[in-house]
Amino acid sequence: MTTEIDFDALRAAARDVMTRAYAPYSGFPVGAAGIGSQSRIVAGCNVENVSYGLGVCAEVAMVAVAVSSGVRRLRAVSVCDPDGRVLLPCGRCRQVLLEFGGPGLVVDTPAGPRALAELLPEAFGPADLERADGRR
């Protein structure tokens, strides 16, 4: 599952983009990098706002970059903290990642790569909506 994913390259891309984060309020820059089905790496950093709820997490920024550049499906993701250490995505970001990687998305964690389904068990996803309105 994870042998074909170059986590060193993902971590390096996350660390690099983290240096461009806009985090004047928290002082906690974060970088995220993902790899799509075509083995293309995309990256994003957090962008804070004085109105805290309007800030954008690095994972969400990375997804926006992915979608904007034509990547619709992610295979793996790595997120780093200000010291470049692997950081787990928050619950909100895990939900966003589910939309673009599914339960099999491989998430880099301090304990090693894990499937998103382990980090977000019994998640609500697109299939739930399909069942609700009879499209399934």
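Buried here means under 20% relative accessible area, exposed means over 50%, and partly exposed lies in between, as computed with a 1.4 Å probe on protein chains only. Helices (H or I, at least four residues) and strands (E, at least two) are DSSP runs, numbered from the N terminus. Residues are numbered from 1 along each chain as its sequence is written, and side-chain values use heavy atoms, with hydrogens and water left out. Because the model is predicted, local features need pLDDT of at least 70 and side-chain atom pairs count only at pLDDT 80 or more, whereas totals for chains, interfaces and linings use all residues.

Contact is taken as heavy atoms within 4.5 Å. Just after α2, glycine 70 adopts a positive phi of about 95 degrees.

In soluble globular proteins, nonpolar side chains tend to be buried together. A nonpolar core is defined as a set of buried Ala, Val, Leu, Ile, Met, Phe, Trp, Tyr and Cys residues joined through side-chain atoms within 4.5 Å. The largest such core has 18 residues, of which Val42, Met62, Leu74, Val77, Leu97, Leu105 and Leu116 touch the most other members. Two or more residues of this core come from each of α2, β3, α3 and α4 (116-119). The greatest contribution is that of α2, with four residues. Apart from this core lies another, of eleven residues, among them Ile5, Ala13, Ala33 and Val106. The surroundings of valine 42 can be given in detail: leaving aside residues up to four places away in sequence, valine 42 touches Ala32, Ala33, Gly34, Met62, Val65, Ala66, Ser69, Val71 and Leu74.

Two strands are said to pair if DSSP finds at least two bridges between them. Strand β4 (residues 106-107) and β5 run antiparallel and are joined by two bridges. Valine 106 has alanine 115 of β5 as its bridge partner.

Arginine 94 belongs to helix α3. This arginine is buried yet has no salt bridge, and the nearest side chain of opposite charge, that of glutamate 59, is 7.7 Å away. The side chain of arginine 94 does reach the backbone oxygen of leucine 119, at 2.9 Å. Residues touched by arginine 94, not counting those up to four places away in sequence, are Leu88, Pro89, Leu116, Leu119 and Leu120.

Side chains of opposite charge can pair when their charged atoms come close. A salt bridge requires a side-chain nitrogen of Lys or Arg within 4 Å of a carboxyl oxygen of Asp or Glu, and by this rule the count comes to seven. In one of them, arginine 20 meets aspartate 16 at 3.3 Å, N to O. Arginine 20 is exposed, at 52% relative accessible area, and aspartate 16 is partly exposed, at 42%. Arginine 85 forms a salt bridge with aspartate 81, with the closest N and O atoms 3.1 Å apart; aspartate 81 counts as buried at 7% relative accessibility. The side chains of arginine 114 and glutamate 118 also meet in a salt bridge, at 3.3 Å, N to O. Both partners are partly exposed, arginine 114 at 30% and glutamate 118 at 48%. Salt bridges that share partners join Asp8, Arg11 and Asp108 into one network.

Two loop residues remain to be described. Serine 39, in the loop between β1 and β2, has a positive phi near 65 degrees although it is not a glycine. At 48% relative accessibility, serine 39 is partly exposed. Glutamate 122, also a residue other than glycine, has a positive phi of about 50 degrees and lies in the loop between α4 and α5 (126-132). With 83% relative accessibility, glutamate 122 counts as exposed.

Key:
Lys and Arg count as positive and Asp and Glu as negative; His and the chain ends are not counted. A polar contact is a pair of N or O atoms within 3.5 Å; within protein, one must be able to donate a hydrogen and the other to accept it, and residues adjacent in sequence count only if both atoms are side-chain atoms.
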